[in-house]
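Look over the sequence and the structure before reading on.

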Amino acid sequence: MSYLALAGWFLVIPVVLAAYATWRRRLDGRWWAATALTITVLLVLTVVFDNVMIAADLFHYDEELLVGWRIGLAPVEDLLWPVAAGLLLPSVATLLAGPPVRPESREERP
């Protein structure tokens, strides 16, 4: 299995949970903006530290399992992990926080 396929499978659950949290908690643009900002910061940090660790020869990738695209020394496959974490953790926290918004009480708020 390629690194991209492995990371893609791990991305499925966070995407489903984010969609469910959006529906269940009626998440608005502010929540998504904060989540997007979090994911952006995680992506930048991942690119920086992956490049440092690869340059320091701390780990290697099997080249046959990579797509081939890189940002510096870091393969693009590594960028799916921070996206998964950036979606999963806020979604779970939102779903666990307080009583759920019930579908029957979803009338518009002023």
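The model is predicted.

| Helix | Residues |
|---|---|
| H1 | residues 3–25 |
| H2 | residues 29–55 |
| H3 | residues 80–96 |

**Helix H2**

Helix H2 has 27 residues, and at 1.5 Å a residue these should span 39 Å. The C-alpha atoms at its ends are 38 Å apart, which agrees with that value. After H2 comes aspartate 57, which has a positive phi, near 65°.

Which residues of H2 are buried? They are Trp31, Thr35, Ile39, Thr46, Val47, Asp50, Asn51 and Ile54. In an α-helix there are 3.6 residues a turn, so residues three or four places apart point the same way. The buried residues of H2 pack against helix H3, strand E1 (70–71) and strand E2 (74–75).

**Threonine 35**

Threonine 35 lies in helix H2. Its relative accessible area is 4%, and buried means under 20%, so threonine 35 is buried. Apart from neighbours within four places in sequence, threonine 35 is in contact with Gly86, Leu87 and Pro90.

**Helices H1 and H3**

Two packed helices are described by the angle between their axes and the distance between the axes. For H1 and H3 the angle is about 30° and the axes are 8 Å apart. Angles under 35 degrees count as roughly parallel, so H1 and H3 are roughly parallel to each other. Their crossing is left-handed. The residues of this contact of H1 with H3 comprise 20 nonpolar, three polar and two charged.

How values were computed
Residues are numbered from 1 along each chain as its sequence is written. This is a predicted model: local features need pLDDT of at least 70, side-chain atom pairs count only at pLDDT 80 or more; totals for chains, interfaces and linings use all residues. Side-chain values use heavy atoms; hydrogens and water are left out. Helices (H or I, at least four residues) and strands (E, at least two) are DSSP runs, numbered from the N terminus. The expected span of a helix is 1.5 Å times one less than its number of residues. Buried means under 20% relative accessible area, exposed over 50%, partly exposed in between (1.4 Å probe, protein chains only). Contact means heavy atoms within 4.5 Å. Axes are lines fitted to C-alpha atoms, for helices over the stretch in contact, and angles run from 0 to 180 degrees between N-to-C directions. Angles under 35 degrees count as roughly parallel, over 145 as roughly antiparallel, 65 to 115 as roughly perpendicular and the rest as oblique. A crossing is left-handed if the near helix is turned anticlockwise from the far one by less than a right angle, and right-handed if clockwise. Ala, Val, Leu, Ile, Met, Phe, Trp, Tyr, Cys and Pro count as nonpolar, Asp, Glu, Lys and Arg as charged, and the others, Gly among them, as polar.
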